[in-house]
Amino acid sequence: MLNLEDHREILNQSGLEMFQLVRKQFIKSKDAFLTHDSDLAEEVLHNENRVNGMDLKLDRECERFIALHNPVAGDLRFVLALRKINFDLERIGDHAYGISSYIIEVDTPVKQEVLDKLEFEKMYKAALSMLDDIRDAYKTGNTKKARKVFKKDKVLNKINLNSFAVISEEVQKDPKLIDQYLLLFSVIKKIERVGDLITNIGEEIIFYLEAEVLKHRKKKGPSKPGM
Amino acid sequence: MSEENSESIIESSIKRKYKLQAKDVKVWYGDFMAINNVSMDIKANKVTAFIGPSGCGKSTFLRLFNRMNDYVDDFKMGGDINIDGKDIYDKNINVELLRKQVGMVFQKPNPFPKSIFENVAYGLKIQGLKDKAFLEERVESSLKQVALWDEVKNDLNKSALALSGGQQQRLCIARTLAVEPSIILMDEPTSALDPISTAKIEELIYKLKDKYTIVIVTHNMQQASRISDNTAFFYLGELIEYDKTNKIFTNPEKKQTENYITGRFG
Amino acid sequence: MNNIRKNRLKDQAFKIWGIFCTLLGLVLLAIFIGNILIDGILRIDWAFIVNLPSRHAEESGIYTALMGSIWVLLLTTLIALPVGIAAAIYLEEYSKKNKLSTILEVNISNLAGVPSIIYGLLGLEVFVRILEMGASVLAGSCTLALLILPIVIVSTREAIKAVPKSIRDASFAMGASKWQTVYHQLLPASFGGILTGIILALSRAVGETAPLIVIGALAYVPFAPSSPMDEFSVLPIQIFNWITRPQHGFVENAAAAIIILLLITFVMNGIAVYFRNKWQKKFK
């Protein structure tokens, strides 16, 4: 029988572990994609088991925590948020997995200029910094950091919106490469989804720390000093 | 003169809104200050729970409302306690009449060593009500309210002490209901009972809310969160926080409250 | 090893000593009763009980003394009961617990230990002379009532104290006044204990000799009392009287009378134990 504080700390550490796992998956899949490294992609596929295993473990631990300790107030918000965060992180892991499997399926690398037109590096960079922000926010209990991701998500959304026009243009130029372009389209969508998932996690962290529910509301960026 | 009148109109409408009121209440037992400046307004037809660690004064505060502290040596009290807007510590108040309006259920079931019928009818008998038919009807309706009637109707003359703990406590509640109070005070009513009896009584409290105003002192946090509308957290004789139960258990204002309900102290 | 054996030996030794002490009292009592029975049992017949005392041992009976004892017993009960119970209720429920009440309590307990002859002297002065009751059943009863009053008060108080506080709380919380609580709850609940106390007190009173002699209960009374103002005698005095006579017949009479007196005492004590057990079961 664990006491509540110790049990909570275990949950906390498990959550952090999940963050680290998924972050590594995402970085590897990004590198694999940008350098078309199928070996790295294989690693991502291989590690998916670990991600799933961690997901199940965390789910079980949260259930146990609720059953044994009957948490209220801060403890309750923490475990409810953690379950959702876990769910969202697992989905991010799934997307990393999906991107990596595309790399293995589609053999030929994409032309660099197309990648540049679509602003892939920028998109990935933004997504990664969001992931780092959110991990720090979770680790240090900092809602300011959590709020940063809402603004950064806009970058991802913009790139995603533009991608349709760019890709349609490219396809018309060279219809034979439609498979590739469709692949690119999917990958962009996936990264945009990752951004959404990260903002979800941001909402959950703010709910846990401040008991404020941001779901379904128009989001502001980090609050200005003096407000 | 007119300003005084308008003041009292506002005050009196506030008083009518709240069934029980405490204003700047202090209690001493000799030199020991048991309650330190507590103010609280309790609405009618709600269940209010008092929680807090042992010795924090919640039972003492509860007993102010039916003046049971009067029997304790060295009891001294300051501030106002109003019920339906009237100060119950006023010199002209008839304490026996007060206790008919404000009933009390204790921690350990304490039926009288008499028959079941005698127990429930006691409150009526001491008022001088003797009519047999009337007593029988009241006893039956009280026992029905606490869901005990079917279990005991065949032998109302059986000794109350022959009932199980949970039944005895329901009998004590029936006894209180028989005199038709408007307020019921409960001092840890289920702490001496098994979980099934506890559940039955919690169900009963929930039903009684419609007709009565209930204040319950409890050590059991889950009980407070299950059955109360509002919760008051006491610590060392002070009222730390008093709010809707939902708020207290999801996002309390004070860190002390959070520490207590999450079990980090007390 | 040594310690364990030592402890076991101590255990055994105490056990044997305890049995010895217990048996000592019982054996002596048995010898006494046996002796009395041998001396007097054959003397007891209906004639013995209904005969008046006479100078002839064979014709003497305990009728007047027995009647006197019964009269005195009844009257003493009538006087001591209400006064004692009321005093106990007041002390336990109504009086404030301060220094004065503590002094009062201690003194009441002390009164129980005052030699009974002193009560006799008090009775003589106050009841027989000042209140001019004469050496009557009434005077004797008043005196004995005073004697057993402390016992009645203390045992009634104990019985009332034994009623759990929760009963009082429940009664007050229902809106009962102090008197209603006493009358409806405390007295019925402590009834068994009070009864036990009364019976024990009376079984003492029935054997009192000295105070009654002092107030003038006569040794030789040829009639049974027919009113409280009559002169009287009681069994112990009759016994005392017979023992002082030299004739052997009177020794037999005395033994027989002692058996009757013991019987009364044992029966009263038995009733008291019965009620005490019944009362204790009520609270289980």
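Why does B:F61 count as buried? In this predicted model, B:F61 has a relative accessibility of 0% and therefore counts as buried, the term denoting under 20% relative accessible area with a 1.4 Å probe and protein chains only. B:F65 is likewise classed as buried because its relative accessibility is 1%. The rings of B:F61 and B:F65 form an edge-to-face pair, with 5.5 Å between centres and 90 degrees between planes; pairs require centres within 6.5 Å, and planes under 30 degrees apart are stacked, those over 60 edge-to-face and the rest tilted.

Over all chains, the structure holds 22 aromatic pairs. One of them, A:F33 with A:F120, is tilted, at 4.9 Å centre to centre and 40 degrees between the planes. This pair links distant parts of chain A, 87 residues apart: A:F33 lies in helix α1 (residues 4-35) and A:F120 in helix α5 (residues 120-140), helices being DSSP runs of H or I with at least four residues and strands runs of E with at least two.

Chain B comprises 11 helices and 10 strands. Buried residues account for 52% of its 266 residues. The C-alpha atoms of chain B fill a box of roughly 55 × 50 × 35 Å along the principal axes.

Local features need pLDDT of at least 70 and side-chain atom pairs pLDDT 80 or more, whereas totals for chains, interfaces and linings use all residues; side-chain values use heavy atoms, without hydrogens and water. Residues are numbered from 1 along each chain as its sequence is written, and chains are lettered from A and ligands numbered from 1 in the order written.

How values were computed:
Buried < 20%, exposed > 50% of the residue type's maximum accessible area, 1.4 Å probe, protein only. Phe/Tyr/Trp six-rings, centres within 6.5 Å; stacked < 30°, edge-to-face > 60°.
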